[in-house]
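The points move from the overall chain to individual residues and their partners.

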Amino acid sequence: MSEDLKNIKHVINGDYIVIPIETGYIKPNENLDSIIKPAKELMEDNDYLVIAETPISVSQNRLVDEADYKPSLTAKFLTVVWSKYLWGYVLGPLLGIKERTIKNLRKLPKETYAHKEVVLQLYGLKHALKPASEAGIDLSNAPGTCVSLLPENPGQVAKDIKNEIGKDVCVLIIDTDATYMKNGKYFTALPIAIEGIDADNGFFGYVKGQLSENMGSTPLGCSEKIDVETALKIANIAEDYQKSLSTEMKTIHSVKEVLGTEFDEVTIEDLDSITHTPAVIIRKAH
């Protein structure tokens, strides 16, 4: 029997119903019950559960404290000369990258030195050359000077969550970083993606992406084999909903607007003071 949606928060997006799952801040080493329990209750067969990558990474304790990294000369060069000036003033405008990204590059803070060092050490030059959101590292939903890396084995996590829900549903884990398409082939700069999307292209994928079609958010892992077109469509419906939220923290610069605190002084209590929407249920409207 179809769930009565009258008493449940939802929005309609074309042929789909989007039901948000709202939680507190999912903390390091905490399980994902605050997502799984409501999903179990609300989901019907053939629904999709789309989960953002960061809560999964944080629950896996995939946090790195950037204060522990001493920036090398390479990291400083990549931050100031390469990202701030060359990309902020020359290559960014030339390739037509987002206005917001250009603005953020032009005001890169000194703290970014350590961030570049983290990318260099953990993911290498191929990802560190990317001017922003390198290797899918998230700076905006972690406490203090910590950042979260991409989740470990998102495909397996999606399968485990589906098993816990115990229904014929599809669980998709996504990242807001783009998937691009050129000549019918899909690719991303991110280190990982579902089968059918060529991943781990780093800077080279990013540059090629500026000259290709941006297909929206990247599906990182799925509980079943899914065609790329469907995965992208569902990922983007979820992303549309996230963009409509006032608590969305897309970049380190939005942290101050949402939480009223500097990005490197954010506490777990601050993060817990707002409502998070780490997942949405997407259902085909009958």
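1. Basis of the note. This is a predicted model, in which local features need pLDDT of at least 70, side-chain atom pairs count only at pLDDT 80 or more, and totals for chains, interfaces and linings use all residues. Residues are numbered from 1 along each chain as its sequence is written, and side-chain values use heavy atoms, with hydrogens and water left out.

2. Overall architecture. The chain has 11 helices and 10 strands; these are DSSP runs numbered from the N terminus, helices being H or I of at least four residues and strands E of at least two. Of the 286 residues in the chain, 53% are buried. Here buried means under 20% relative accessible area, exposed means over 50%, and partly exposed lies in between (1.4 Å probe, protein chains only). The accessible surface of the chain is about 13,300 Å², and carbon and sulfur atoms account for 51% of it; such areas come from the Shrake-Rupley method with a 1.4 Å probe, and for residues only the protein chains shown count as cover. Among contacts (heavy atoms within 4.5 Å) between residues at least 6 apart in sequence, 73% join residues at least 24 apart.

3. S83 belongs to helix α3 and counts as buried because its relative accessibility is 0%. A polar atom of the S83 side chain lies 2.8 Å from the backbone oxygen of L78. Once neighbours within four places in sequence are set aside, the contacts of S83 are L78, G88, L105, L108, K116 and P131.

4. The nonpolar patch. Y85 is also a residue of helix α3, which spans residues 73-95. With a relative accessibility of 43%, Y85 is classed as partly exposed. Together with L86, Y89 and V90, Y85 makes a nonpolar surface patch of about 370 Å². Patches are made of residues with over 30% relative accessible area and no salt bridge; like charges are joined within 9 Å, and nonpolar side chains (Val, Leu, Ile, Met, Phe, Trp, Tyr) within 5 Å.

5. Aromatic pairs. The structure holds seven aromatic pairs. Rings of Phe, Tyr and Trp (its six-membered ring) pair if their centres lie within 6.5 Å; planes under 30 degrees apart count as stacked, over 60 as edge-to-face and the rest as tilted. W82 and W87 form an edge-to-face pair, at 6.4 Å centre to centre and with 70° between the planes. Both W82 and W87 are buried. The F203 and F204 rings are likewise edge-to-face, because their centres are 5.5 Å apart and their planes are at 70°. F203 is buried at 11% relative accessible area, whereas F204 is exposed at 52%. Ring pairs join W82, W87, F203, F204 and Y206 into a cluster.

6. A salt bridge across the sequence. There are 10 salt bridges in the structure, each a side-chain nitrogen of Lys or Arg within 4 Å of a carboxyl oxygen of Asp or Glu. One of them joins the side chains of E44 and R283, at 3.6 Å from N to O. The pair links distant parts of the chain, 239 residues apart: E44 is in the loop between α1 (33-42) and β3 (48-52), and R283 is in strand β10 (residues 276-284). E44 is buried, with 16% relative accessibility, and R283 is buried at 3%. A network of salt bridges links E44, D47 and R283.

7. Two further salt bridges. How far apart are the closest N and O atoms of D168 and K162? The distance in this salt bridge is 4.0 Å. D168 is partly exposed at 45% relative accessibility, while K162 is buried at 17%. In the salt bridge between K225 and E195, the closest N and O atoms are 3.1 Å apart. This pair ties together parts that are 30 residues apart in sequence, because K225 lies in the loop between β9 (213-222) and α9 (228-243) and E195 in the loop between β7 (185-188) and β8 (197-198). K225 is exposed at 70% relative accessibility, and E195 is exposed at 62%.

8. T218 is placed in strand β9 and is buried, with a relative accessible area of 0%. Leaving out residues up to four places away in sequence, T218 touches several residues, including I173, D175, T188, L190 and A193.

Definitions and conventions. A polar contact is a pair of N or O atoms within 3.5 Å; within protein, one must be able to donate a hydrogen and the other to accept it, and residues adjacent in sequence count only if both atoms are side-chain atoms.
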